[in-house]
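This note sets out some points for a colleague who is reviewing the model.

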Amino acid sequence: MSAQNVKLLNPGPVTLTERVRKALLEPDMCHREAEFAALSKSILSKISAVYTESTEGYVPVLLTSSGTGAVETMLSLVPRASAENGKKTLVVANGVYGDRAAAMLTAQGKSHDVVAAPWTSPMDLAAVEKALATGLYAHVFAVHHETTTGRLNDIDALGVLCKKFDVPLLLDAVSSFAGEKIRFAEWNLLACAATANKCLHGVPGIAFVLVKQEALDSRESGATSVYLDLFRYRKEQKNGFSPFTQSVHVLFALREALDELADAGGWERRHQHYAALTKQVREGLYALGIRSFLEDTGSYGSTLSSYRLPAGLTYDKLHDHLKNKGFVVYAGQGPFSGEMFRIAVMGDVDASDMTRLLAEIRAVMA
Ligand SMILES: *Cc1c(COP(=O)(O)O)cnc(C)c1O
């Protein structure tokens, strides 16, 4: 099995198309030259065009980091401890990524409370409503697609509360941007964080925050880090430049990936493609007696689904067999590591790959 033939079914980095991979061979470029500014600006406008109908008033800010870096940079919208005025951030958590955001706020010394639900449950919206009614919160943080389980959190319902109490929402959209609907205005969205290498099918190394321009103009930066300062990035990126060296070749690949997305009909077509593959995998696994991890299968998003390991099959055995046959699947995290496996369908994978995958899972169970 050559490396070229491996299909990555982990939630990023994804299997690249040849079109995107070839973009890595573009000539070298200095990030202080005009041609780099032109490249960045073209990417910024292509990112803004992914959700054309709803991104007016929002600007993307590109940075060289993984998705986690974009989430942490987005938190420079939250004031530093000295400027909090008694207001806190409310973190809504039901998986690894909500907990990670709370850890970031702790590291940044910013006051916050966490409304936690079990990882197998929806967000606890009743507790969110009660908390917001106290008037103590200046921001809400939530995770759109909680990759821990594959749950697509009900941000429509959370957005109603953010509107009702007039509290802006900071969203981790790292595994949903370009794969799921994002309602910028309806959700009272202040910013969302995303990455090149999940639903956009780019190369890992570039991430971005899409943020309300008005907030950048009217606030002081709350950054507690020199590097992860959203405001500083935006200031230079207005002209296409960047305070620090950007991953130039990864940007070439991202530009190509954005063009490829547009050529293929945009995010809604991609969403349909993911949903069809996930349905195929789920039905195929059901037929083998494998159950989905979340009881309410309607709560899954399109990009990833999680399953209970069947009796007698360890994750390592499943993983190693599939890897031998050219598929990389993903383990459960934290308390679910021995019970669960996950299949993501982002990247250059199609129905025939899923058919081969299901045949191999049948084989390893036999
Ligand atoms: C993948 C992921 C991240 C982190 O991205 P990295 O690129 O691994 O840093 C954050 N949030 C969610 C929801 C993710 O799926």
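1. A residue counts as buried when its relative accessible area is under 20%, as exposed when that area is over 50%, and as partly exposed in between. On that scale C162, at 0% relative accessibility, is buried. C30 has a relative accessibility of 38%, so C30 is classed as partly exposed. The structure under review is a predicted model, and these values should be read accordingly.

2. How many disulfides does a search of the whole structure find? The search returns zero. A disulfide is a covalent bond that joins the sulfur atoms of two cysteines. The cut-off applied here requires the two sulfur atoms to lie within 2.5 Å. For C162, the closest cysteine sulfur belongs to C192 and is 14 Å away, which is too far for a bond.

3. Three strands form an open sheet in the order β11-β14-β13, and their pairing is antiparallel. The edges are taken by β11, residues 304–308, and β13, residues 330–331. Each of these two has a single partner strand, so one side of each lacks a neighbour in the sheet.

4. The pairing of β11 with β14 is antiparallel and runs over five bridges. Within this pairing, R308 is placed opposite M340 of β14. As for its covering, β11 has four buried residues out of five and is thus mostly covered.

5. Which residue of β14 is the bridge partner of A331? The partner is F341.

6. Empty space inside a structure can be located by rolling a probe the size of a water molecule over the atoms. Across the whole structure, one cavity of 30 Å³ or more is found. The largest cavity holds about 50 Å³ of space.

7. The lining of the largest cavity consists of V78, P79, E84, K87, K88, T89, A138 and H139. The elements that contribute two or more residues to this lining are β3, residues 88–93, and β5, residues 137–143. By residue class, the lining comprises three nonpolar, two polar and three charged residues.

Note on methods:
Residues numbered from 1 in each chain as written. Predicted model: local features only at pLDDT ≥ 70, side-chain atom pairs only at ≥ 80, totals over all residues. Heavy atoms only, no water. Buried < 20%, exposed > 50% of the residue type's maximum accessible area, 1.4 Å probe, protein only. Pairing = 2+ DSSP bridges. 1 Å grid on protein atoms, 1.4 Å probe; cavity = no way out; pocket = protein on both sides within 12 Å on 5 of 7 lines; lining within 4 Å. Points joined across faces, edges and corners; volume = space filled by probe spheres on them. Nonpolar A, V, L, I, M, F, W, Y, C, P; charged D, E, K, R; others polar.
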